[in-house]
Amino acid sequence: MILSEFTYKKPKSLEEALDLLSDTDDSKIIAGGQSLIPLMKMGLTGFEQLVDISQITDLKSVKVVDDFVEIGSMVRHCDLENYDVIVSRLPILIKIASQIGDPQVRHRGTIGGAIAHGDPASDLAGCFVALKGSVVLSNKKGIREISANDFYKGFLETGLNDDEIIVSIKFPLNFRDAEFFKVSKRAQDWAISGLVTAKFKDELNLGLISMGSTTLGVSVRISDLYDNFESTFESIESVCSPTQDIYATKNFRFHLLRVFLRGYMNKHPI
Amino acid sequence: MKVSIVINQQRYDTEVASNMLLVDFIRDVAKLKATNVGCDTTTCGACTILLNGESVKSCTILAVQADGADIVTLEGLYTGDGTLHPVVQAFGRSHGLQCGFCTSGMVMAAVSLLSSVADGQVLTEDEIRNGLEGNLCRCTGYQNIVNAVKLAQDLLIAGDNIIS
Ligand SMILES: Cc1cc2nc3c(=O)[nH]c(=O)nc-3n(C[C@H](O)[C@H](O)[C@H](O)COP(=O)(O)OP(=O)(O)OC[C@H]3O[C@@H](n4cnc5c(N)ncnc54)[C@H](O)[C@@H]3O)c2cc1C
Ligand code: FES
Ligand code: FES
């Protein structure tokens, strides 16, 4: 049950949506609603106006631009596998998205919502950081781009301003050996701990899931990781601040991360 | 706000509050009571319905978001000609339920799963279990539910492939 009422708007175009956001101070965007509606039920978010962006067809395209795949923010988790370019160039996204929640959640949830929400347990956000993606944001004045590294600020906090909409997410294609590791307690569940890896030349970029108050990124030299695992692991550990909750202790989360990294190294020996 | 929602081929044109959930619209406005609310936290799947042909949890959609949508609930699987939908038949024949609270959601999740399968593809037991991961059952231990979905798949392959 959701206690408070609000004004609901379902614009047909991006321009109309941006007008609505700039007209009212207290607006919220809804895409698939699979993160937002649970928050509304818990009374953790309230607003005057809800702007539903699901009818904006401009946000549903997938295209290759230069060395990037640019995915519209309203592309749902279940849609990713329908694009040949994602199947051939970014299969890691499909692997990750197909393990999010359950089929019902994947029929509604979108890549834009998963990136925008700023949940430390978001698997796609981990991928976005590991692959060194960027978000294309639009407001009435124009567009700007923020790199994944600069996007996450804290728990449910990102670099997105109130009058902005994520138009698309860009993933570069110059990485290799992307892998995804996730341990959760039950079917359909979020990660207790998760890791996405991507190799860029002689560095391994890591997207860390559920290892701090938001999605974390850290890059290590491949040679350091293989030759000097313990000290490299310590440097990774130092950027993490996982919580202790009913699912796992901090130490267990670090243990999982260690297992994931060893798993990566076993799969990609040098 | 005014909405126009088609449920089981019947159109409902009515005013709703912005904060009304779709499941409440189905149960309280359309008075269709097969769709249940188990958790209201997007976990149990008892509220699963088809929205434009795909399974969704109707406790996690606002009625206003469903304006213009085509919805099928468990009641909509009955065509009125005295025969049961293959998935419903299979749940009966395999004893895929005990108390029945999860059943409406399970059946709708299974209908969506089976209709998403490409021609000629047969789901394995693992794929069926994964496909039903959004639905919890506190009675059966799942085995008979999985058997029911396997049987439904066989019935659909053997007979007409039309499920809606
Ligand atoms: C039962 C369940 C299990 C789940 N399990 C997992 C899991 O295992 N792993 C995982 O990663 N996720 C999981 N999720 C979350 C799921 O991936 C959500 O779909 C996703 O986090 C949010 O996408 P959405 O489109 O539903 O966004 P919404 O809920 O509509 O929005 C979320 C937030 O993003 C903002 N927003 C949305 N789109 C935009 C945009 N284009 N521009 C600017 N802001 C925007 C909204 O204002 C809101 O603050 C789960 C969800 C549920 C309900
Ligand atoms: S009532 Fe909707 S998932 Fe439980
Ligand atoms: S039959 Fe009782 S919850 Fe499934």
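Me: Why does B:Cys102 count as buried?
Reply: The model is predicted, and the value is computed from it. B:Cys102 has a relative accessibility of 10%. Buried means under 20%, so B:Cys102 counts as buried.

Me: Where does B:Cys102 lie, and which residues does B:Cys102 touch?
Reply: B:Cys102 is in the loop between helix H2 (86-93) and helix H3 (103-115) of chain B. Leaving out residues up to four places away in sequence, B:Cys102 touches B:Leu136, B:Cys137 and B:Ile145. The C-alpha atoms of B:Cys102 and B:Gly45 are 7.5 Å apart, although 57 residues separate the two along the chain.

Me: What puts the buried residues on the same side of H1(A)?
Reply: In helix H1 (residues 14-23) of chain A, the residues A:Leu14, A:Ala17, A:Leu18, A:Leu20 and A:Leu21 are buried. Around the axis they cover an arc of only 155 degrees, and therefore they are on the same side of H1(A).

Me: How many aromatic pairs does a search of the whole structure find, and what makes the pair of A:Phe128 and A:Phe171 edge-to-face?
Reply: The search finds eight aromatic pairs over all chains. For A:Phe128 and A:Phe171, the distance is 6.4 Å centre to centre and the angle between the planes is 80 degrees. Rings pair if their centres lie within 6.5 Å, and planes over 60 degrees apart count as edge-to-face. A:Phe128 is in helix H7 (residues 123-130) and A:Phe171 in strand S10 of chain A, so placed that the pair links distant parts of the chain, 43 residues apart.

Me: Why does A:Phe128 count as buried, and why does A:Phe171?
Reply: A:Phe128 has 0% relative accessibility and therefore counts as buried. A:Phe171 is also at 0%, which makes it buried.

Me: What kind of aromatic pair do A:Phe151 and A:Tyr152 form, and which residues do ring pairs link into a cluster?
Reply: A:Phe151 and A:Tyr152 form an edge-to-face pair, with centres 5.1 Å apart and planes at 75 degrees. Both A:Phe151 and A:Tyr152 are buried. The cluster linked by ring pairs holds A:Phe128, A:Phe151, A:Tyr152 and A:Phe171.

Me: How many salt bridges does the rule find across the interface of chain A and chain B?
Reply: There are four salt bridges across this interface. The contact takes 29 residues from chain A and 29 residues from chain B. About 2,200 Å² is buried between the chains, and carbon and sulfur atoms give 49% of this area.

Me: How do you know that A:Lys41 forms a salt bridge with B:Asp40?
Reply: The closest N and O atoms of A:Lys41 and B:Asp40 are 2.6 Å apart. The cut-off is within 4 Å, so the pair is a salt bridge. A:Lys41 is buried, with a relative accessible area of 17%, whereas B:Asp40 is partly exposed at 22%.

Me: Why does the pair of B:Glu54 and A:Arg76 join two chains?
Reply: B:Glu54 and A:Arg76 form a salt bridge, with the closest N and O atoms 2.7 Å apart. B:Glu54 is in strand S4 (residues 54-57) of chain B, and A:Arg76 is in the loop between strand S5 (68-72) and helix H3 (84-89) of chain A, so two chains are joined. At 19% relative accessibility, A:Arg76 counts as buried, while B:Glu54, at 24%, is partly exposed.

Me: What parts does the pair of A:Arg258 and A:Glu230 tie together?
Reply: A:Arg258 forms a salt bridge with A:Glu230, the closest N and O atoms being 2.8 Å apart. A:Arg258 is in helix H11 (residues 250-267) and A:Glu230 in helix H10 (residues 229-237) of chain A, so parts 28 residues apart in sequence are tied together. The charged end of A:Arg258 also sits over the ring of A:Phe233, 4.4 Å from its centre.

Note on methods:
Residues are numbered from 1 along each chain as its sequence is written. Chains are lettered from A and ligands numbered from 1 in the order in which they are written. This is a predicted model: local features need pLDDT of at least 70, side-chain atom pairs count only at pLDDT 80 or more; totals for chains, interfaces and linings use all residues. Side-chain values use heavy atoms; hydrogens and water are left out. Buried means under 20% relative accessible area, exposed over 50%, partly exposed in between (1.4 Å probe, protein chains only). Helices (H or I, at least four residues) and strands (E, at least two) are DSSP runs, numbered from the N terminus. The arc is that of the directions from the helix axis to the C-beta atoms. Rings of Phe, Tyr and Trp (its six-membered ring) pair if their centres lie within 6.5 Å; planes under 30 degrees apart count as stacked, over 60 as edge-to-face and the rest as tilted. A charge sits over a ring if NZ of Lys or CZ of Arg is within 6 Å of the ring centre and within 35 degrees of the ring normal. Contact means heavy atoms within 4.5 Å. Buried area is the accessible area (1.4 Å probe) that two parts lose on being put together, summed over both. A salt bridge is a side-chain nitrogen of Lys or Arg within 4 Å of a carboxyl oxygen of Asp or Glu.
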